[in-house]
Amino acid sequence: MKTNAEIIKYLGYDEESIPPGVRRLIVSCRDELRAAGSLRVYAAVFPGNASRKLVTNAPVCRERLSGCGMVVFCAATFGEEVDALLVRWSKQDMGRYVVLNATAGAMVKAALEARAVEEAQKLGITTGVMLEPGTDGIERQVREDILRVLGGERETGISLGEGYAFSPVKSGTAIIPLSMVRD
């Protein structure tokens, strides 16, 4: 499962070196996250030329979107319930907190990717490489553009604080280019 590989990477292990106890903890944390709250995902598909106009003041992102026929703007969040879980475990068991945090982050990323694939399949096309604001040189302020396009905090329940930090903490945004090459 790709999500497990992502969690293992976040924790600084590789498949061969991860202790069995940590594997069990990942499964336990995933179950706890699923029980704590639903992962909500929001998306909208735009023509490539429109998406470049929607992304303001972000030359790297705009450059990476040039030539895209269509793109998906996505946001995902676990919500306040998972924030409360993270706070609780940060005080009770730091090891569990670290694994829970990594697991939630990987689950948000997987949900963003899955929603983009779903949108692409509706159109009979494929997805490109996900652009995550704050990683791979994509400007963090693009988070603001994505959330604005998706209806802002009122629609998504996600707000941005200082440095474009998410609230709720276990939230994410992405822009995923879609390829016009049919499957």
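**Pockets of the predicted model**

**View 1. Elements around the largest pocket.** Helix H1 (2-10), helix H6 (94-123) and strand E6 (171-182) each contribute at least two residues to the lining of the largest pocket, and H6 gives the most, with five residues. Helices (H or I, at least four residues) and strands (E, at least two) are DSSP runs numbered from the N terminus. This is a predicted model, in which local features need pLDDT of at least 70 and side-chain atom pairs count only at pLDDT 80 or more, while totals for chains, interfaces and linings use all residues. Residues are numbered from 1 along each chain as its sequence is written, and side-chain values use heavy atoms, with hydrogens and water left out.

View 2. On a 1 Å grid over the protein atoms alone, a pocket is an open set of points where a 1.4 Å probe fits, with protein on both sides within 12 Å along at least five of seven lines, and lining residues have an atom within 4 Å of a point. Of its 20 lining residues, Tyr10, Gly105, Glu132, Arg143 and Ser171 lie nearest the centre.

**View 3. The second largest pocket.** This pocket has a volume of about 150 Å³ and is lined by 11 residues, of which Thr3, Arg34, Leu39, Met107 and Ala110 lie nearest its centre. Helix H2 (20-36) and H6 each supply at least two lining residues, with the largest share, three residues, coming from H6.

Definitions and conventions: Points joined across faces, edges and corners; volume = space filled by probe spheres on them.
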